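Let's take a walk through this model together. Have the sequence and the 3D view side by side as you read.

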Amino acid sequence: MNQNEVRERLISGNKRFQANKNTAHQRLDNKKSLLQGQKPFAAILCCSDSRVPPEYIFDCALGELFVIRVAGNVATPETVASLEYAVSVLNTGVLVVLGHEKCGAVSAALDKVRLSPNLNQLIHHIEIGLEKVNDEKNPVKNNVKYVSQKITKDSEILAEAQNSNQVSILKAYYNLESGHVDFI
Ligand SMILES: [Zn+2]
């Protein structure tokens with residue numbers, strides 16, 4: 001699949017999800033073939049929120065999505081490294097930074113919540129992003145935009161892949177009630 005086809009595949013999968021017509025569960029009989037390796041067509045950096053599992057919302061089965069989940073879908077050395085692996089080892093041509101409505105991590109950053117040194121560090125990543133990107137009314141979308149810039153700023157591999165059109169980076173926002181993913 002080329003990059004446009006991947007985008008269309010994600011959109012069509014999301015349409016099936018919104019209509020409660022997921023089909024991915026019918027394609028779980030490929031476990032043996034996956035022993036030979038994986039070739040996911042997209043890598044998704046998204047929040048850990050239990051309401052936003054990428055495989056469901058894009059109606060994908062085993063081996064189709066390379067998923068990196070962390071609260072607030074932040075760009076850290078670990079999440080960027082995972083995206084680098086998807087691009088440089090698995091040849092994944094599409095990266096998606098996916099935020100979602102009512103993200104608790106983004107709310108915590110806005111409310112300047114302080115919980116523990118570890119959580120404070122994670123929230124700090126989002127606070128920095130919201131200071132730097134402020135062109136949307138919706139802070140979750142600003143966070144997505146910031147993260148999508150930061151992953152190439154922090155990674156030569158990703159920057160070069162994007163510049164040479166080896167990879168495209170999509171920014172997305174998930175609506176909790178409708179299940180619709182907006183590409184922003
Ligand atoms: Zn979240």
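Which residues in helix 3 meet which ones in helix 7? From helix 3 come Leu83, Glu84, Val87 and Ser88, and they meet Ile157, Leu158 and Ala161 in helix 7. Here, contact is when C-beta atoms, placed from the backbone, lie within 7 Å; helices are DSSP runs of H or I with at least four residues, strands are E runs of at least two, and both are numbered from the N terminus.

A word on the source: this is a predicted model, where local features need pLDDT of at least 70, side-chain atom pairs count only at pLDDT 80 or more, and totals for chains, interfaces and linings use all residues. Residues are numbered from 1 along each chain as its sequence is written.

Back to those helices. The axes (lines fitted to C-alpha atoms over the stretch in contact, with angles from 0 to 180 degrees between N-to-C directions) of helix 3 (residues 77-88) and helix 7 (residues 156-163) come within 9 Å and cross at roughly 45 degrees. Helix 3 and helix 7 are therefore oblique to each other, as angles under 35 degrees count as roughly parallel, over 145 as roughly antiparallel, 65 to 115 as roughly perpendicular and the rest as oblique.

Now look at strand 4 (residues 168-174), where you'll find Tyr173. Tyr173 counts as buried because it has 21 C-beta neighbours inside 10 Å; the cut-offs are 20 or more for buried, 12 or fewer for exposed, and partly exposed in between. Glu127 sits 46 residues from Tyr173 in sequence and 19 Å away in space, C-alpha to C-alpha.

Terms used
Two residues are in contact if their C-beta atoms, placed from the backbone, lie within 7 Å.
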